[in-house]
Amino acid sequence: MKKQLLTVLGCFIFLSMTAQKVSAPAPYGVLPSETQLRWQELEQYVLVHFTPTTFQNKEWGYGDADPNIFNPSKFDASQIVNAAKDGGFKGVILVAKHHDGFCLWPTKTTSYNISKSPFREGKGDMVKEFELATRSAGMKFGLYCSPWDRNNEDYGKPEYVTKYRDQLRELYSNYGKLFITWFDGANGGDGYYGGKKEKRNIDRSNYYGWDTTWGISKEMQPGAVIFADNGDVRWVGNEHGFAAETSWATFTPEPIAGKTKAAPGETNSEKAQEGTRNGKFWKPAECDVPLRNGWFYHTNEDNQVKSVSKLFEIYCKSVGRGGCLDLGIAPDTSGLLHQNDVKALKDFGDFLKQLYADNLAKSAVITASEIRGDDNKSFGTKNLTDDDRYSYWATNDEVKKASVTLEWKKEQTFNIIRLRENIKLGQRIEKIEIDAFINGNWKKVGEATSIGANRLVRLQNYISTSKLRIRIEESPVCIALSDVGVFKEPEQLAVPKIKRNKEGMVSIVTEVPVNQIHYTIDGTEPTVQSPVYESAFSFLTSGEVKAKSFDTNMKSGETVIQSFNVCKKDWKIVATSFDNQEKGKSLNAIDENEGTLWNTSDNTSATALPQSITVDMGKEMTIVSLSYLPRQNGTGGIVKNYQWQTSTDNVTWTTVAEGEFSNIKSNPVEQNIVLRTAVKARYFKFIGKTSVDGNYISAAELGVKGVN
Ligand code: FUL
């Protein structure tokens, strides 16, 4: 009897042991919040800039624009929103107020708002129109309300902070649930300030009382992540839209030199590209980049809309590195997105659709070197290809190195491998390697470091194989991988690169040979009838060279447009106010080489500003625009306030342009200043009055557009 009882008890214990659910791995490190998870899932959204600044053809409005200029007669929010949707973007952030202080909604906090403009006869609410268009497109809505306000008379005083908080309250109350609330780091400086036209610097750490201000966001919009240096999602530290090859979702922000707090605008952004392994906070990277050069619309950038190949490179370096892509789009003065932007978005969206149409991993048999507790249901490899981002394959606690193998009946051709961790359990994996079974042997074809929410490994060439192995090589804890995807990037003809040397010879090359390249120099679209590129040709004037690859069936690829300034072949430097021969030769400013620079920095003593450089173009010409390319490495000496003078004889000088290169520190692209009226000149003088960093100026290139 006793024996029988023991046997029954034994069976019961055995049965209950086997039936016991294998427990999930313990989470590792800091974890994302629910709102951060929702944000992460969006992957790509757009940021719309449209204020009176558009009508002034500027990047930062000074705050003095007459509201009457804001008259977009054809404005249609759904045209803009749907173009973004066609690009595969899932959210829209509207800049409800930029640094110029003009509010796109009828706010009670300031009279500088849309009701004072002719838009909808002063009865309009553009924030509402964008919100409705966004929601009816099935997309998420977010808002950017600039803390810096160059219009408000109270900026710098406590009264302004009260107004700013009220603006947030209005925006948070009237436009439904937001997915993000965007706080910009650019804060304080000169502005109109109710007519005072002065410089107002603020204490960035304390002025806005961020804890209280963000407290309003948290209370009124708990589902919105806060974008800010040191917010819920971090600025990636550049406006190219690139996270680093290794980019952690965790981050420990550090203050910039001389500060004690990592406040917005005062966080060391250099480290933001990589994040911090085992950082104190879950603060993934948002990678922002405009579709054109600037964030606002400028007619002269109509041909500078990024190509599909460029956009896809950005996508791989943002979304493909675990961040979100925030792409800037900007309507023109009619209130519509320019056709070139609409087309670029559509082409990019179609490209992504084609890319993701067939996940080859779904047709593979996937085996793993081990499965946690042999529990196939909870932790097996089928979780890697379902559509749930949080179901996952896992190993036992002590197993930190493991592999999964995908096997197909037939060879498959692809070049992109997607991996995702179940980030609800933290960011765990530190290194993976990828092997393909080629000619009877395993061959390493790729590798990656940080995985996190999403990692795209893009192989340079397509590979064809029937077996693929992913080895997790380094992880401090057991593995919790939620996704393996295998895709073939849509084939694109190699995109030509157009270059010109100092002598004015233009060469057009592709990375891999193509059947033919056709080009034009008259602004028209290259066709099979256009000249075939055979060898370098001379192009001495300013203008655009367009080129396109064609295959043997005369199917064409993307058009590449390269805009050139006047050739600098015969240019000479006449004078510089300071030339550190050792460090910055003045000729570097006119050598057609972006990588070299001239600067007025003198290591021993500060060289007071302004500083200038005078160029002789060798002959008189009619100048239409002048350009300044800031240094492409570092920020020292990048000019902020500039002046340009021209002369026909190097004796009498006329000031032809003066102003500020807004946002040049974050977005150091070529600054083209189109002159109100063209001027005849043989000499020009570029004067740097202030710089964004350091007490000196620097220049990578100076240029001129015009006719002889
Ligand atoms: C920057 C701003 O200063 C730019 O004007 C733009 O709004 C960009 C998205 O953020 O910091």
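## Met 554 and Phe 550

In this predicted model, Met 554 lies in the loop between strand E24 and strand E25 (560–564). Phi of Met 554 is near 65°, a positive value in a residue that is not glycine. Most residues other than glycine have a negative phi. Met 554 has 34% relative accessibility, so this residue counts as partly exposed.

Phe 550 sits in strand E24 (residues 543–550). Is Phe 550 buried or exposed? Its relative accessibility is 4%, so Phe 550 counts as buried. Phe 550 and Ala 494 are 56 residues apart along the chain, yet their C-alpha atoms are separated by 9.1 Å.

## Other backbone features

Asn 663 also has a positive phi, about 55°, although it is not a glycine. Asn 663 is in the loop between strand E30 (654–660) and strand E31 (671–688). At 12% relative accessibility, Asn 663 counts as buried, because the cut-off is under 20%.

Most peptide bonds are trans. The bond from Leu 609 to Pro 610 is cis, with omega near 0°. Pro 610 is found in the loop between strand E27 (598–599) and strand E28 (611–629).

## Domains

The domain assignment gives domain 1 (42–226 + 239–249 + 287–316 + 324–354), domain 2 (360–487), domain 3 (497–564) and domain 4 (572–706). The C-alpha centres of domain 3 and domain 4 lie 30 Å apart. How many residues of domain 3 are in contact with domain 4? Five residues of domain 3 contact six residues of domain 4.

## Nonpolar cores

The largest nonpolar core has 78 residues. Val 127, Phe 130 and Ile 329 touch the most other members. Domain 1 and domain 2 each supply at least three residues to this core. A second, separate core holds 36 residues, including Phe 414, Ile 417, Ile 434 and Val 486.

Phe 130 touches Val 48, Phe 75, Ala 77, Ile 80, Val 81, Leu 94 and Phe 141, leaving out residues up to four places away in sequence.

## Helix pairs

Helix H4 (residues 77–86) and helix H5 (residues 126–136) have axes that come within 9 Å and cross at roughly 45°. H4 is therefore oblique to H5. The crossing of H4 past H5 is right-handed. H4 contributes Ala 77, Ser 78, Ile 80 and Val 81 to the contact, and H5 contributes Glu 129, Phe 130, Ala 133 and Thr 134.

The axes of helix H6 (residues 158–174) and helix H7 (residues 210–220) come within 10 Å and cross at roughly 10°. H6 is therefore roughly parallel to H7. On H6, the contact is made by Tyr 164, Arg 165, Leu 168, Arg 169, Tyr 172 and Ser 173. On H7, Thr 212, Thr 213, Ile 216, Ser 217 and Met 220 take part.

## Helix H8

Which residues of helix H8 (residues 308–318) are buried? They are Val 308, Leu 311, Phe 312, Ile 314, Tyr 315, Cys 316 and Ser 318. These buried residues pack against strand E1 (44–48), strand E11 (285–290), strand E12 (324–329), helix H9 (339–356), strand E15 (402–421) and strand E18 (455–474).

Ser 318 lies in H8. Its relative accessibility is 0%, so Ser 318 counts as buried. Beyond its neighbours within four places in sequence, Ser 318 contacts Gly 241, Cys 287, Gly 323, Cys 324 and Leu 325.

Notes
Residues are numbered from 1 along each chain as its sequence is written. This is a predicted model: local features need pLDDT of at least 70, side-chain atom pairs count only at pLDDT 80 or more; totals for chains, interfaces and linings use all residues. Side-chain values use heavy atoms; hydrogens and water are left out. A nonpolar core is a set of buried Ala, Val, Leu, Ile, Met, Phe, Trp, Tyr and Cys residues joined through side-chain atoms within 4.5 Å. Buried means under 20% relative accessible area, exposed over 50%, partly exposed in between (1.4 Å probe, protein chains only). Domain bounds come from an automatic or database domain assignment. Contact means heavy atoms within 4.5 Å. Axes are lines fitted to C-alpha atoms, for helices over the stretch in contact, and angles run from 0 to 180 degrees between N-to-C directions. Helices (H or I, at least four residues) and strands (E, at least two) are DSSP runs, numbered from the N terminus. Angles under 35 degrees count as roughly parallel, over 145 as roughly antiparallel, 65 to 115 as roughly perpendicular and the rest as oblique. A crossing is left-handed if the near helix is turned anticlockwise from the far one by less than a right angle, and right-handed if clockwise.
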